[in-house]
Amino acid sequence: MSKREFQTEVSQLLQLIIHSLYSHPEIFLRELISNSSDALDKLRYLTLTDETYKALPFEPRIDLELDEEAKTLTLADSGIGMNEEDLTANLGTIARSGTKNFLAQLSGDARKDSNLIGQFGVGFYSAFMVADRIEVTSRKAGEDKAWRWISDGKTGFEIEPAERAAAGTTILLHFNDEGQQYASSWRLRELVKKYSNHIAFPIYLTYDKSEWNEEEKKSTKSRTTEQVNAASALWRRPKSELKDEDYKELYKSLSGDWEDPLFWFHTRAEGSLEYTTLFFIPAKAPMDLYQADYKGGVKLYVKRVFIMDDAKELLPQYLRFVRGIIDSEDLPLNVSREILQQNRVLTTIRTASVKKILTELKNIAADRPEEYKTFIQLYNRPLKEGLYSDFANRETLLDLIRVKSTAVEGLTSLAEAKARMQSEQKAIYYITGGNETLLRNSPLLEIYKKKGIEVLILDDEIDEIVFSSIDKYAETDLKAVNKSATSDDLKDENAAASAEAIQPLLDAIQATLGDRVKEVRASVRLAGSPSCIVSDEEQPSLQMQQMLRAMGQKDIPAPKPTLEINPDHEIVKKLLPRAAEPIAQDAAWLLFDQALLLEGVPLQDPASFVQRLNQVLALSL
Ligand code: ADP
């Protein structure tokens, strides 16, 4: 026998589970059954696809055996099993990076943490909430030796050679005080029905059944074995036979989530390709949504046989929050990840699945706006990612995303913004490149406010990247207000005259600022402010340039901004006759620097700015 210590993180996790999950100890059974089901899936797959396993007997089942007297439960499966190495690695370390991230996110507040644990699924270790000693006896398929792993869940575990007649895993739980309540056949039956009814394999319960003996006028006990789950691939049944409860339960056993899903979409396709898809939208965003090594949530089945999970090829990356099942009649069982990438059948299913999910979401947005709001709070951002990765569905995605706006509180759709357009309004306008306050107070919005024209406030980091590549929504132009040409829409018959009137001042400012600006010109977009900065159509905004530099892109050419001057502003009017005096030079820098500040761009020479400001202030006093 050899003694080993748990990896530090395992001990940490065990402590947390015991302290945070005390209110839900019952999930231990779901977790263990789901591990068994995975082990059965894996072996079934090998027996169907791998020559060396084809000859092996495969009688998939999960057996629960209750000993009420001894307060023990065994859970046995005829799955893939584990050898000595597997036992050490799987039940003694935390290999998955997701688990490590999860640990890092814990706050120490038991209530919050138990929510987190619920989303993440704690797996095998949850059994230590109900047991003070666990023995795992396992024999790996294709091997002769069996091994036993024993632990009290405190410091470490022991491993010793053991006997097991066939491949599979047997887990013996010695219930602790907390666990005593599960040493009851009706309780176990209830838990299996609640969490694991649709596990595709039969689950049997063996227990001492009490029966009333009429002759002897007393109840007698007899050892009985009964199947306790429905064991159907529920997604293959017609929709009409399925109740909401069935879907919710399947979702929970599939995803490990405790909460009901927000929505689900169940489709059966018949015709040149036959397949079933069932997709769920979780009510909480998956924890790894913004991690590069996120886990895909869709499982692939072929003719009801589980093939693989976490296959990122099944849905585009931006739909990585979707959970569910794709079950195809046409794929070969031995389809590999490599093959998947260029498989025509899968490409077709994938394309149709994306369409289906997006269309259903659009329907929900129209019919159940309140529920859609909840959805958007969680998944607006991934949908925006879709705008620049999924061109085929761009129109639909533009309908699905929501944005802030000067016209309404909260979020709005582009369709609503389009419907609100003024009769003379030529495009849907938006502003990007900063936080909400900065954008809402930008001088670039002044004229739009004055004219009562709505501007979308796109303050999400990715908005600028996404929207700079989109120039139309439903036939209507989408224009950024900080682009130089956008103001052409605002020009009226007086514009040229006002511009000409201040030309001498514009020339003087241009001469002072030299090559810091591309151009100095009269503005038609300002009301209360004397100056603002705009960019060319093609060039990224100043904010964006800063961001790219911060992200390590060193050699971004620094395109020069255009400075616009408001011909109607008091300062400008007073400055015009004095364009040739020295004061005009200080004013030129001040007008430029304040416009930069309002763009959220730090000044190159703040000291000079302050000095000039003070000079001007002194003069005015
Ligand atoms: P998870 O199931 O989330 O990976 P667990 O802690 O529940 O995490 O299990 C760790 C690993 O132990 C599993 O990924 C699997 O490889 C192995 N394992 C657990 N239970 C079984 C079982 N009944 N049969 C075979 N392998 C198992």
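In which helix do Glu 436 and Arg 440 both lie, and how many residues apart are they? Both belong to helix α14 (residues 436–440), where four residues, about one turn of the helix, separate them. Helices here are DSSP runs of H or I with at least four residues, strands are runs of E with at least two, and both are numbered from the N terminus. The side chains of Glu 436 and Arg 440 form a salt bridge, with N and O 2.9 Å apart. A salt bridge means that a side-chain nitrogen of Lys or Arg lies within 4 Å of a carboxyl oxygen of Asp or Glu. Glu 436 is partly exposed at 27% relative accessible area, and Arg 440 is partly exposed at 27% as well. (Buried stands for under 20% relative accessible area, exposed for over 50%, and partly exposed for what lies in between, using a 1.4 Å probe and protein chains only.)

Before going on, please keep in mind that this is a predicted model, in which local features need pLDDT of at least 70 and side-chain atom pairs count only at pLDDT 80 or more, while totals for chains, interfaces and linings use all residues. Residues are numbered from 1 along each chain as its sequence is written, and side-chain values use heavy atoms, leaving out hydrogens and water.

Other salt bridges reach across the sequence. Arg 320 pairs with Glu 385, their closest N and O atoms being 3.0 Å apart. This pair links distant parts of the chain, 65 residues apart: Arg 320 sits in the loop between β13 (305–308) and β14 (323–328), and Glu 385 in helix α11 (residues 369–389). Arg 320 is buried at 8% relative accessible area, and Glu 385 is buried at 15%.

Next, look for Lys 362 and Asp 399, whose salt bridge spans 3.3 Å from N to O. Here helix α10 (residues 344–367) holds Lys 362 and helix α12 (residues 394–400) holds Asp 399, 37 residues apart. Lys 362 is partly exposed at 37% relative accessibility, whereas Asp 399 is buried at 19%. Across the whole structure, a search finds 45 salt bridges.

Of its 621 residues, 52% count as buried. The C-alpha atoms fill a box of roughly 115 × 55 × 50 Å along the principal axes.
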